[in-house]
Amino acid sequence: MNELGALLIDIDGVVKRGSTLIEGSIEAFDIIKQSGVPFLLITNNSTKTPEQLSKEFEEKGLSIEKEKIFTSAKALVYALNSKKEYTKKALEGVLAIGEEGLLSELKQSGFKLETELTQGVVVVGLDSAFNYQKLVKAMRSIEQGALFFATNTDRTYPTEEGKLPGAGALVCSVVACTGKRPVLVGKPSKIFFKAALSALNLRNSNIVVIGDRPETDIRMANKNGCSSVLVLSGVTTQSELNKLREKPSFVAKNLLEAVKKLIY
Ligand SMILES: [Mg+2]
């Protein structure tokens, strides 16, 4: 492989599972940091802020600066600022279905959060307090002309206790009652990839994506002409490998094994 340009490393199922670090993660980052290869931790999960995630890692003995963490909430802000039409609508107000990670990113970026109806923008991310009233507001806002964005469409996400419904399950309920499809800003969208590279201040050159989910991580790599490593520490099992639609450059047991193959 040519010299590594940068590593985009998925978080859930690669670095951690729920709030537990996956075996070898600390050693893997020691190797990456020593090598000097630029890296960014990427996640479709918009519930936590980079600050919260960085602190969580720190408590487990893994030091990752918040600037090295890129969430789908950040990709949303990048998307809203990327097109005049989006920016204009977003400045009218944003009805955000989501948690702290999404809400604070929007506020910090100067967008006004709506709690009632808006003709601006509706964004749906993972929200453990999602309910019928929120669905009503999202539906009515979109019917009145608000643009519809989704942080991601992951059907589930892995935790220590097994899978839980992901943002995709919530997004589907809004699609069902409006008949509208959202603009996706999370992986595997091109906008997420572009936004992540811009956060790293890099162009697309020898980027390697390391992830556990073929339809998001590996698909994003394939769509953008990057190499990729599929790790088996998350949602994908060994027995699923022969029926993958999105093929990675190679498969590794976990992040540590992937990093050793890429860097040594
Ligand atoms: Mg993952």
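I began with a helix pair: H6 and H7 cross in a right-handed way. (Right-handed: the near helix is turned clockwise from the far one by less than a right angle; left-handed: anticlockwise. Helices are DSSP runs of H or I, at least four residues, numbered from the N terminus.)

I noted that this is a predicted model, where local features need pLDDT of at least 70 and side-chain atom pairs pLDDT 80 or more, while totals for chains, interfaces and linings use all residues. Residues are numbered from 1 along each chain as its sequence is written.

I looked up the geometry. H6 (residues 132-143) packs on H7 (residues 167-178) at about 50°, with axes 10 Å apart. (Axes are lines fitted to C-alpha atoms over the stretch in contact; angles run from 0 to 180 degrees between N-to-C directions.) The pair is therefore oblique. (Under 35 degrees is roughly parallel, over 145 roughly antiparallel, 65 to 115 roughly perpendicular, the rest oblique.) H6 brings Leu135, Ala138, Met139, Ile142 and Glu143 to the contact; H7 brings Ser173, Val174, Cys177 and Thr178. (Contact: C-beta atoms, placed from the backbone, within 7 Å.)

Next, domains. I found domain 1 (6-44 + 188-263) and domain 2 (73-184), with bounds from an automatic or database assignment. Their centres, over C-alpha atoms, are 25 Å apart. In domain 1, 15 residues contact twelve of domain 2. Helix H8 (residues 190-200) gives five residues, the largest share of domain 1's touching side.

Last, I checked Leu255. Beyond four places in sequence, Leu255 touches residues including Ile9, Val14, Ile22, Ile210 and Val231.

Key. Contact = placed C-beta atoms within 7 Å. Helix = DSSP H or I, 4+ residues; strand = E, 2+ residues; numbered from the N terminus.
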